[in-house]
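Me: I have a model open and would like to go through its architecture. Could you take me through the sheets, helices and cores?

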Amino acid sequence: MSTIHTKTLEDLEFPAVLQHIASRCNTELGKVKAAEIVPATNQEEVLDKLGQTSEYLSSFSNENRIPNHGFDNIDKELQLLRIENTILEILGFRKLGNLCTTVNDHKKFLKKFKTYYPLLFATSEKVPVNTEIPNHINGVIDRFGEVKDKASETLWQVRRQINTVKGKISQSFNAALSKYQGAEFLDDIRESVVENRRVLAVKAMYRKKIKGTVMGSSKTGSIVYIEPELTLAHSRELNNLEFDEKEEVQRILKELTDLIRPHAALLGSFQEYLAHIDITAAKAKYAHEINAIKPSISEDKTMFLRDAYHPLLFLSNTLEGKKTWPQTINLHPENRIIVISGPNAGGKSITLKTIGLLQVMVQSGLLIPVHERSTMCLFDKILTDIGDNQSIENHLSTYSYRLKNMNQFLRKCNAKTLFLIDEFGTGSDPELGGALAETFLEVFYEREAYGVITTHYSNLKLLANELPHATNANMVFNAKTLEPTYQLVLGQAGSSFTFEVAQKNGIPYSLVNRAKKKIERGKVRFDATIAKLQKERSKMTQTGNRLQEEESKAREEAIRLEKLNTKVKSKLENYQELYDHNQRMIYLGDKVNTAAQRYFQDNKKRPLISELLRIVETENSKRKRKSAKEVKVQRQKKAAVEQEVQKEVKVIREKKKIAKKKAEVQKKNKPRPVFKIGDRVRMIDGKAIGSIDKLEKNKAVVNYGLFTTNVSVDQLELVTPKK
């Protein structure tokens, strides 16, 4: 049970957040329960709810999407199950069956992916698997919502008889229809349906010539609707059978209801589980829209909100295309109380509400829009005094109400309390009210409570400066434009800029000057000093930001140049290695070519093989000197260079293709040589030279010494003719 008062939740606009959650629920029960969410103080419970919401949020960005959890409310069915001798409707049975199936699907999915969703899996394990209920229901009711013929032997027999009788009715009616149609007793429409029965549309003048029961007539009276006598007996029999069918269906449904009745509590737990999943899914959807995350939860009472957004303001501004300013604030045992000062409309109240609302959201299991390195802690009580709380019903003024509220604070405040007070001390004489507020603040401090207050009172600013575990903060205000920047700065009190804002709003300087003379000179100087310090801080912040930007740019440029230099060096090394490799390949090619030339001249295979083996062994001995790692690095470098070279080679090849096409055109224009056996030839695209051993049907067998090949004479060019 929450110990946080409803008035506090209303002050922080928490019900508005719950409305957003409820609107994202898929089920009516989920919407109702979402509106009833209250903050918890038990850390284990809070961490479990936050963890489940975070897990569901993660399912939006991975392939293992959690299955549908929709269901129809079964409260009415559960109420009937608790009453003896009641019978559920077919729609109710289908609701129960779908509910069980949905729970079973969820349990099966979460068991399969429990490493992804451990907390959701643990929650699903609290409800058992039940296939008995859906099996019973599916055995009786089909997917169209009808009781199956084979739900019982009696029902099957009755429905068979019904089908037989319906056939007899159709047969007898068609016979009567043919008979009287031939006699021209029927109207053009021939037949109609009255009270779900087929009837003959008889002309009024022939009504007495047809045996049967009159079922009605047309509006003009020209047509009389008669059920033929032959059909009437079968219709009565059909009515009796349909009554028997209805009775049997009711008996079957009662039997099915009695089978399910003992499981009423289990079905209730299934509905509760799916409602919980629905709320968790709605929390995850809301978190996705406001860019919320799960902060770390501290046990040593540390609250560090970094780049925190007010969720309602963030959503509203996003829809309107406006910028929302984040705030950063830090509360810990060495800095328990923060006193925020600064001009009106500077963002003090929204900062206060942001802190309180995010705290309440976390304790309700909701993710919050903060930086991922943010830290939160839990409080047993959250006390708020925000806005104009004038009580008309109790005839209390604003100040009287605030004093009554302060009395409640004094009674409840302790080390596990977070208090948030807007415009602390206002509503009475500034000096007297300020003194009383100062006393209240001292009591809160002595009780080691945590809190944030906003104020314009100088004595509270001074007190915050004197207390070791309290600090001042201010909302930064641009002194030149007199516009708020909505940025919170810790460590220094802020000026109210009273006279400056008055001048900006058109108050004559002479009146402002007279007002300055009416107050103590020291007070004006104190406020002016604060304002001056704020201006200096603003300038220093701007200068620091500019220097950081310049430093960042210089660092980026240095990194870019270093990368470029490394890349150039790497390319040069790669090109050198590629050049060396190609030179070695040319050298080896020359050796092989020399060996081939020698073989061609003396036709001795043994010296050729010996020479080739010697070349291979020489190369392998060089390879053994290199380690496997060096070979791998060399391959990678070679691959990188080859990629670069391939791009350039591609261009060269394109040029060669064009040149080749031109050469082919020229060759076509040249007369084709007449080849003879013994001519020395080579392939058009090749370098190896061979001699023609045989010519047959536009084909030539070319001997290259080590091997022969069969090619078309169109692919050969003459090197030297046979002498």
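Reply: What follows is a discussion of a predicted model, taken topic by topic.

Me: Let us begin with the sheet that contains β1. In what order do its strands lie?

Reply: The order is β1-β2-β4-β3, in an open sheet of 4 strands with antiparallel pairing. At the edges are β1 (186-194) and β3 (212-217), each of which pairs on one side only. On average, neighbouring strands of this sheet are turned by 35° against each other, direction ignored.

Me: How many bridges join β1 to β2?

Reply: There are 5 bridges between β1 and β2 (residues 197-203), and the two strands run antiparallel. Within this pairing, Ser192 has Val199 of β2 as its bridge partner.

Me: Which helix packs on that sheet and touches β1?

Reply: Helix α9 (residues 153-182) does so, touching β1, β2 and β4 (223-228). The direction of α9 makes about 10° with that of β2. Helix α10 lies across β2, β3 and β4, and runs at about 65° to β4.

Me: Now the other sheet, with β15. What is the strand order there?

Reply: This open sheet has 5 strands in the order β18-β17-β16-β15-β19, and the pairing is antiparallel. Its edge strands are β18 (708-712) and β19, each pairing on one side only. Neighbouring strands here are turned by 45° against each other on average, direction ignored.

Me: What do β15 and β16 form together?

Reply: They form a hairpin, with 5 residues between the two strands. Strand β15 (residues 680-683) is joined to β16 (residues 689-696) by 3 bridges. Arg682 has Ile689 as its bridge partner in β16, and Val681 stands opposite Gly690 of that strand.

Me: And how many bridges does β15 have with β19?

Reply: The pairing of β15 with β19 (residues 716-720) extends over 4 bridges, also in the antiparallel sense.

Me: Changing topic to helices: which residues of α8 are buried?

Reply: In helix α8 (residues 132-140), the buried residues are Ile133, Pro134, Ile137 and Val140. They lie on the same side of α8, because the arc they cover around the axis is only 130°.

Me: What covers them?

Reply: The cover over the buried residues of α8 includes α6 (90-112), α10 (229-260) and α11 (264-289).

Me: I also noted α16. Which of its residues are buried, and which exposed ones are on the face turned away?

Reply: Leu460, Lys461, Leu463 and Ala464 are buried in helix α16 (residues 458-466). These buried residues fall within an arc of 160° when seen down the axis, so they line one face of the helix. Asn465 and Glu466 are exposed, on the face turned away from the buried side.

Me: Which residues have the most contacts inside the largest nonpolar core?

Reply: Those residues are Phe14, Ile260, Leu267, Met303, Leu305 and Met361, in a core of 97 residues. Helix α11 gives the most to this core, with 14 residues. Another core lies apart from it and has 22 residues, including Met406, Phe444, Leu463 and Ala464. As a general matter, nonpolar side chains tend to be buried together in soluble globular proteins.

Me: What is Met303 in contact with?

Reply: Beyond its neighbours within four places in sequence, the contacts of Met303 include Ile329, Leu331, Ile355, Cys377, Phe379 and Leu418. The polar residues Asn330, Gln359 and Thr375 are also among its contacts.

Me: What does Ser374 touch?

Reply: Not counting residues up to four places away in sequence, Ser374 touches Pro295, Ser296, Phe304, Leu305 and Arg306. Leu305 is also one of the residues with the most contacts inside the largest nonpolar core.

Notes
Residues are numbered from 1 along each chain as its sequence is written. This is a predicted model: local features need pLDDT of at least 70, side-chain atom pairs count only at pLDDT 80 or more; totals for chains, interfaces and linings use all residues. Side-chain values use heavy atoms; hydrogens and water are left out. Two strands pair if DSSP finds at least two bridges between them. Buried means under 20% relative accessible area, exposed over 50%, partly exposed in between (1.4 Å probe, protein chains only). The arc is that of the directions from the helix axis to the C-beta atoms. Contact means heavy atoms within 4.5 Å. Axes are lines fitted to C-alpha atoms, for helices over the stretch in contact, and angles run from 0 to 180 degrees between N-to-C directions. A nonpolar core is a set of buried Ala, Val, Leu, Ile, Met, Phe, Trp, Tyr and Cys residues joined through side-chain atoms within 4.5 Å.
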